[in-house]
Amino acid sequence: MLLILLCLHAFSRVASQAPPPPPQNVQVEKGQLTWTPGEPGVTYTVNYRRFNSDKWEALPACIQTPFYSCNISAIGPSDTNDSPENSCVTLRVQAERRGLRSEGVKACSRDGDVCTPLFSILTRPGSLTVHLSADHELAKEHADNAKHRIYFGKEGESPLKVYEDTIASRTIEKLEEGQRYCVQVAYTVHGELVEPRSCIQCEFIPKSEHVNRTPMIVGLLVSIVVLAIIILALGYLGFFQTEKIKRCLEPYKYEIPPNPFPGEFEVRTFIPTVELYDDLQISDGNYEPRSALCSPAAAS
């Protein structure tokens, strides 16, 4: 029992003398630096370093702060010249406990501005394309001497390896399908890194869809053959059978055949005759019929 207590006491002394774990997820967005604590009960100090300088300076407002954020707007621009990269700074955060400090963790940026490039990722089976913009402030100042530095690797690899310095968008091929790959991008000016870098973006590489396209191809070929036959048939009829087609399309003329039995079915003209009727004359109350065929003189 005593041995166990001694071991626990020794372990606690060693743990108390070890530096605290570093902060996680150190990010800057719209002038606000934030991070996730490695463990509770420690303080944090923010340092910054200007472009093309090796000197780290502490930000007075964020020295041994118990909070998990810091306003970095107090960092003023450099007085060297008006080049846009001189306003860029590298930021890092260290955890501190009893005078022991962790390693510094550099901040990434989620803002696309003069110091950090904005990019997007397009994935396809076996490849990944990093879309970059060639129209940015550093390119206007330094032309082709301002480039993008792409950091690349599988998810979980730390740190990501430098893939390429490029001006335009870049496609990375021969990737393992079904795996996640991560990309981080920063600016460079004459080969010197400009920070903060972008935050890491990870994307899934989709798998190829292995579809049997044989029935589709066969159906397409059959359709092409049938269409070719129809075109050839129409061409043959149009060039060689034009007159026959015209005759077939002419209206049919019907002629009345001659009468095979002359004299038996003759058409005779009807001539109306005078209708015969009797005219009655009344004389002294007597009715005397008179034939309509007789003249009045003969009747009298």
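In the predicted model, C108 and C199 form a disulfide (a pair of cysteine sulfur atoms within 2.5 Å), with their sulfur atoms 2.0 Å apart. The torsion about this S-S bond is about 80°, so the link of C108 and C199 is right-handed. C108 belongs to strand β9, while C199 sits in the loop between β17 (197-198) and β18 (201-204), so the bond ties together parts that are 91 residues apart in sequence. Strands (E, at least two residues) and helices (H or I, at least four) are DSSP runs, numbered from the N terminus. Both C108, at 13% relative accessibility, and C199, at 5%, count as buried (buried is under 20% relative accessible area, exposed over 50%, partly exposed in between, with a 1.4 Å probe and protein chains only).

The model is a predicted one, in which local features need pLDDT of at least 70 and side-chain atom pairs count only at pLDDT 80 or more, whereas totals for chains, interfaces and linings use all residues. Residues are numbered from 1 along each chain as its sequence is written, and side-chain values use heavy atoms, with hydrogens and water left out.

A search of the whole structure finds four disulfides. One of them joins C88 and C115, with 2.1 Å between the sulfur atoms. C88 is in the loop between β5 (69-71) and β6, and C115 is in the loop between β9 (108-109) and β10 (120-124), 27 residues apart. The S-S torsion of C88 and C115 is about -90°, so this disulfide is left-handed. C88 is buried at 1% relative accessible area, and C115 is buried at 9%.

Another disulfide joins C182 to C202, at an S to S distance of 1.9 Å. C182 lies in strand β15 (residues 180-189) and C202 in strand β18, 20 residues apart. With 100° about the S-S bond, the link of C182 and C202 is right-handed. C182 is buried at 4% relative accessibility, whereas C202 is partly exposed at 22%. With the bonded cysteines of the chain numbered in sequence order, the pairing is 1-2, 3-5, 4-7, 6-8.

Q94, in strand β6 (residues 89-97), is buried, with a relative accessible area of 11%. Its side chain reaches the backbone oxygen of S102 at 3.2 Å. Not counting residues up to four places away in sequence, Q94 is in contact (heavy atoms within 4.5 Å) with residues including T43, Y44, R101 and S102.

T36 lies in strand β2 (residues 32-36) and is partly exposed at 35%.

Technical notes: A polar contact is a pair of N or O atoms within 3.5 Å; within protein, one must be able to donate a hydrogen and the other to accept it, and residues adjacent in sequence count only if both atoms are side-chain atoms.
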